[in-house]
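These are my notebook entries on a structure that is new to me.

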Amino acid sequence: MESASGGEQPERLAKTLKARWVWAIALGSAVGWGAFILPTDWLAIGGPVGALSGFMIGGALMILIAVSYGFLIKSFPVSGGELAFALVGFGRTHAFFCGWYLTLGYTCIVALNASAMALLFRKLMPDVVQQGYLYTVAGWDVYIVEVAISLTVLIVFALLNIRGTALSGRIQFIACVIMLIAVACILVGVLASPQAVLSNATPAFPAEVNPVAAIAAIVAIAPWAFIGFDNVPQAAEEFDFPPAKAMRLIVLALLAAALLVLCNDCGSCFQCTLGGLGKWDFGLG
């Protein structure tokens, strides 16, 4: 297609992403397997009060970043995200390094999430997954079934994204709704247990650990726990709604992510004691 001046217009992406899909993409990216697998580890590091306080503070800090992204999306509603922002703000050299760092970062994240799915299956079906021993890395045994699971996940999600953002966004919205309902049901079930009493949430902090240090340790983990919503500005050109609305969607997604993490921590808090693990395995018997 040619413009009036004779120059060729750049190809534009179809505006197919609805607001609720973008919210689901941000939420699904911010909440990963760690929110469901690692709460007991976080409780061991910071204790019930330390974990809850740390993630609340960490979530508030991440909202500041989300607001910054919102302003940038409103000003530059194009595809490319941080790469485009760096190009406009600092030029080609900074954008070059920004692009490569993003490439390396997302490559690591893809590998991490694919292996996380295999880890989840190992916890759920250890006898099935731990077959076909291949090798050991850093004391961790790797099995061919795990590799097959990771490869299958990579292929399925690659095909899903190749089909287009509309299908991906719709599926992620459905998955996020199911996740929210499931977490709410689990939390209600745990709190409704006759053994779920407030004394189960003691001690508030690990023994012989300064409360400030316990909270700070969780705050340091929070960016890793909530990061992922940075993929929203990369799809800004595909929004079928005003770009200014993206800030509110990202903030709402982060609030939902923080709520999910807090609910999982609370559920794990009671589950550890009800499961007979004692007082958080802090050596308190």
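I began with α1 and α8, and found that α1 passes α8 in a left-handed crossing, a term used when the near helix is turned anticlockwise from the far one by less than a right angle, with right-handed for clockwise. Helices here are DSSP runs of H or I with at least four residues, and strands are runs of E with at least two, numbered from the N terminus. I was working with a predicted model, in which local features need pLDDT of at least 70 and side-chain atom pairs count only at pLDDT 80 or more, while totals for chains, interfaces and linings use all residues. Residues are numbered from 1 along each chain as its sequence is written, and side-chain values use heavy atoms, with hydrogens and water left out.

For α1 (residues 19–30) and α8 (residues 165–192) I noted a packing angle of about 65 degrees and axes 8 Å apart, where axes are lines fitted to C-alpha atoms over the stretch in contact and angles run from 0 to 180 degrees between N-to-C directions. The residues of α1 that meet α8 include Trp21, Trp23 and Leu27, and their partners in α8 include Phe173, Cys176 and Met179, contact being heavy atoms within 4.5 Å. By class, this contact has 10 nonpolar, 3 polar and 2 charged residues; Ala, Val, Leu, Ile, Met, Phe, Trp, Tyr, Cys and Pro count as nonpolar, Asp, Glu, Lys and Arg as charged, and the others, Gly among them, as polar.

Next I turned to α5 and α7, which pack at an angle of about 130 degrees with their axes 8 Å apart, and are therefore oblique to each other. On this scale, angles under 35 degrees are roughly parallel, over 145 roughly antiparallel, 65 to 115 roughly perpendicular and the rest oblique. The crossing of α5 past α7 is right-handed. Among the residues that meet here are Ser115 and Ala118 in α5 and Glu146 in α7.

Which residues lie nearest the centre of the second largest pocket? I found Ser115, Ala118, Leu119, Trp140 and Glu146 there, out of 11 lining residues. α5 gives the most to this lining, with 5 residues, and by class the lining has 8 nonpolar, 2 polar and 1 charged residues. A pocket is an open set of points on a 1 Å grid over the protein atoms alone, where a 1.4 Å probe fits, with protein on both sides within 12 Å along at least five of seven lines, and lining residues have an atom within 4 Å of a point.
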